[in-house]
Amino acid sequence: MKKLWSLFFIFWPIAAIVIFAISPSMQWWFPGEAKSPIGARIDDLFYLILVLTGVVFVGTQVALGYVLWRASSVKADDKAWYTHGNHKLELIWTVIPALVLLFIAFKQMDVWAEFRIVDRVAEEIRNNPVAEVTARQFEWRMRYPAPGKKLGIIPAPDDMHQVNELVLPVGRKVVINLRTEDVQHSFFAPQFRVKQDAVPGKMIPVWFEVTEPGEYDLVCAELCGWGHYKMRAVIRALPEAEYQTFLAELYEESMSDGFVAEGEAAAEGEGAAAEDSASAESEEE
Ligand SMILES: [Cu+2]
């Protein structure tokens with residue numbers, strides 16, 4: 001029975017190795033491959049730390065299992081022995097983890113700087129945010145500058161707006177200004193591995209590059225109230241040309257006051273009349 005318990009402890013390192021091996025293909029850790037360069041670097045760091053901690057975990061569990069296995073065959077009248085420790089051993093298991101931690105600290109420094117230090121973003125990009133994203137209970141509001149214009153801190157009359165959809169260009173680094181209208185929220189784009197708190201009273205720049213066109217998630221990662229779960233938007237990443245077309249169309253739509261010129265109204269009227277007669281016909285049938 002005692003031996004069975006030591007086998008129980010051996011089960012965990014085996015389970016850990018199996019989970020390490022199958023998790024990436026099962027997408028248990030990440031929602032697919034990172035779709036931003038910084039995301040790929042964050043994943044690499046994650047895997048490096050996972051391997052380091054994994055080796056330590058498996059090693060300690062195997063050692064624990066071994067000690068239990070050996071101890072299970074000790075007879076009841078065997079005398080116990082005690083030790084006051086071993087300086088050399090203690091030195092080894094203090095210095096090695098310290099060196100490993102130091103290695104991780106230096107290794108991640110550049111990724112951290114790339115992700116968080118605004119000076120790493122070229123001034124040209126920094127001074128031209130593509131959008132302002134404002135979180136509020138319980139939605140995301142986007143504000144874009146009119147084509148050819150700069151996004152001001154104070155909204156301009158010709159700014160363009162969207163709710164719960166953020167459209168971005170692919171293949172270049174973009175900056176968005178993040179703010180919140182009420183409580184603290186968190187801008188989380190899992191496919192890009194980007195997460196940034198939105199703090200009341202602050203405007204926080206967030207930057208990243210999308211590598212592939214597509215539709216991605218934007219969710220709130222801060223429990224911000226009863227409707228937190230529905231604070232979900234979509235990030236639509238478009239190739240540059242399509243992105244410019246989108247902006248032009250959005251501008252036209254935003255600037256339209258609903259007035260239709262006489263010629264167009266007549267054409268629309270005819271269309272409506274044709275539709276009416278068509279529906280009348282179908283009713284008769
Ligand atoms: Cu929120």
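Biologist: Into which domains is the protein divided?

Modeller: Domain bounds come from an automatic or database domain assignment, and here they give domain 1 (2-73 + 85-116) and domain 2 (123-255). Residues are numbered from 1 along each chain as its sequence is written. This is a predicted model, in which local features need pLDDT of at least 70 and side-chain atom pairs count only at pLDDT 80 or more, while totals for chains, interfaces and linings use all residues.

Biologist: How many residues of domain 1 are in contact with domain 2?

Modeller: Two residues are in contact if their C-beta atoms, placed from the backbone, lie within 7 Å; by that rule 9 residues of domain 1 are in contact with 10 residues of domain 2. The centres of the two domains, taken over C-alpha atoms, are separated by 36 Å.

Biologist: In what order do the 5 strands of the open sheet stand?

Modeller: Strands (E, at least two residues) and helices (H or I, at least four) are DSSP runs, numbered from the N terminus, and two strands pair if DSSP finds at least two bridges between them. The order is β4-β10-β9-β6-β7, with mixed pairing. Because β4 (165-169) and β7 (194-198) stand at the edges with a single partner strand each, one side of each is left without a neighbour in the sheet.

Biologist: Which strand is joined to β9 by 6 bridges, and how do the two run?

Modeller: Strand β9 (residues 214-220) is joined in this way to β10 (residues 232-238), and the two run antiparallel. Within this pair, Tyr216 stands opposite Ile235 in β10. Leaving aside neighbours within four places in sequence, Ile235 is in contact with Leu166, Leu168, Ala189, Tyr216 and Leu218.
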